[in-house]
Amino acid sequence: MIVYQLICTDGHEFEGWFKDSAAYDCQAGAGDLACPVCGDAKIAKAIMAPSVKTSEGKNAIEVPGSKPPEAQDPQKVRQFIAGFRKFIEENAEYVGRRFPEEARKIHYGETEGRHIYGESTIGEAKELIEEGIDVAPMPPDPSDLN
């Protein structure tokens with residue numbers, strides 16, 4: 001598992017989690033990455049601060065907002081992703097490809113307010129964001145990361 005700090009052409013920075021650097025290259029090359037804030041599909045790696053350890057194993061450079069060492073443990077990352085995904089699945093309604101339509105109905109008060117998850121294209125997600133509808137990508141299934 002590798003975590004990259006990514007940036008879109010509008011300057012929004014966000015994290016991207018990938019199985020390995022080849023997975024990032026593949027997704028970036030296919031145009032499968034999008035900014036979760038604005039939906040921009042032109043994504044690049046942002047400059048990241050180095051993690052330098054002393055001989056005692058402590059961080060020699062403290063970077064505000066940097067990940068704690070335990071967040072770098074692949075097993076703990078997988079457990080976090082699995083737990084977060086399970087929480088979504090247990091507390092939201094799966095609406096499949098109807099996600100953009102259902103999200104709009106909820107946002108505009110045409111149907112009951114509830115938590116939903118489902119599928120959309122990057123373009124559909126961008127349109128929802130432009131309409132002021134909060135959306136975020138679903139965490140990957142940890143079994144797909146092996």
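Glu102 touches Val95, Thr111, Arg114 and Ile116, leaving aside residues up to four places away in sequence. Contact here means heavy atoms within 4.5 Å. Glu102 sits in helix α3. The residue is buried, with a relative accessible area of 8%. Buried means under 20% relative accessible area, exposed over 50%, and partly exposed in between (1.4 Å probe, protein chains only).

This is a predicted model, in which local features need pLDDT of at least 70 and side-chain atom pairs count only at pLDDT 80 or more, while totals for chains, interfaces and linings use all residues. Residues are numbered from 1 along each chain as its sequence is written, and side-chain values use heavy atoms, with hydrogens and water left out.

Now the charged partners of Glu102. Its side chain meets that of Arg98 in a salt bridge (3.9 Å, N to O). A salt bridge is a side-chain nitrogen of Lys or Arg within 4 Å of a carboxyl oxygen of Asp or Glu. Side chains of opposite charge can pair when their charged atoms come close. Arg98 is partly exposed, at 41% relative accessibility.

The pair belongs to a wider group. Glu93, Arg98, Glu101, Glu102, Lys105 and Arg114 are linked in a network of salt bridges. Glu93 lies in strand β4 (residues 93-96), while Arg114 lies in the loop between α3 (99-107) and β5 (116-118), so the bridge ties together parts that are 21 residues apart in sequence. Glu93 is partly exposed at 34% relative accessibility. Arg114 is also partly exposed, with a relative accessible area of 22%.

Lys86 is partly exposed, with a relative accessible area of 49%. Glu90 counts as exposed at 56%. A search of the whole structure finds 10 salt bridges.

Helix α2 also holds Ile88. This residue is buried, with a relative accessible area of 18%. Ile88 touches Tyr117, Met138 and Pro139, not counting residues up to four places away in sequence. The C-alpha atoms of Ile88 and Ile116 are separated by 8.5 Å, although the two are 28 residues apart along the chain.

Step back to the whole fold. The protein has 4 helices and 5 strands. Helices (H or I, at least four residues) and strands (E, at least two) are DSSP runs, numbered from the N terminus. Along the sequence the pattern reads β-β-α-β-α-β-α-β-α.

Return to α3 and look at its neighbor. Two packed helices are described by the angle between their axes and the distance between the axes. The axes of α3 and helix α4 (residues 122-130) come within 10 Å and cross at roughly 10 degrees. That makes α3 roughly parallel to α4. Axes are lines fitted to C-alpha atoms, for helices over the stretch in contact, and angles run from 0 to 180 degrees between N-to-C directions. Angles under 35 degrees count as roughly parallel, over 145 as roughly antiparallel, 65 to 115 as roughly perpendicular and the rest as oblique. On the α3 side, Phe99, Pro100, Ala103 and Arg104 make the contact. Glu124, Glu127 and Leu128 meet them from α4.

Next, the nonpolar interior. A nonpolar core is a set of buried Ala, Val, Leu, Ile, Met, Phe, Trp, Tyr and Cys residues joined through side-chain atoms within 4.5 Å. The largest has 11 residues: Tyr4, Leu6, Cys8, Phe14, Phe18, Ala23, Tyr24, Leu33, Cys35, Cys38 and Ile43. At least two residues of this core come from each of β1 (2-8), β2 (13-18) and α1 (21-30). The largest share, 3 residues, comes from β1. A second, separate core has 7 residues, including Val95, Phe99, Ala103 and Leu128.

Cys38, a member of the largest core, touches Cys8, Asp10, His12, Lys126 and Ile129, not counting residues up to four places away in sequence.

Finally, the totals. Buried residues make up 23% of the 146 residues in the protein. Among contacts with a separation of 6 or more, 48% join residues 24 or more positions apart.
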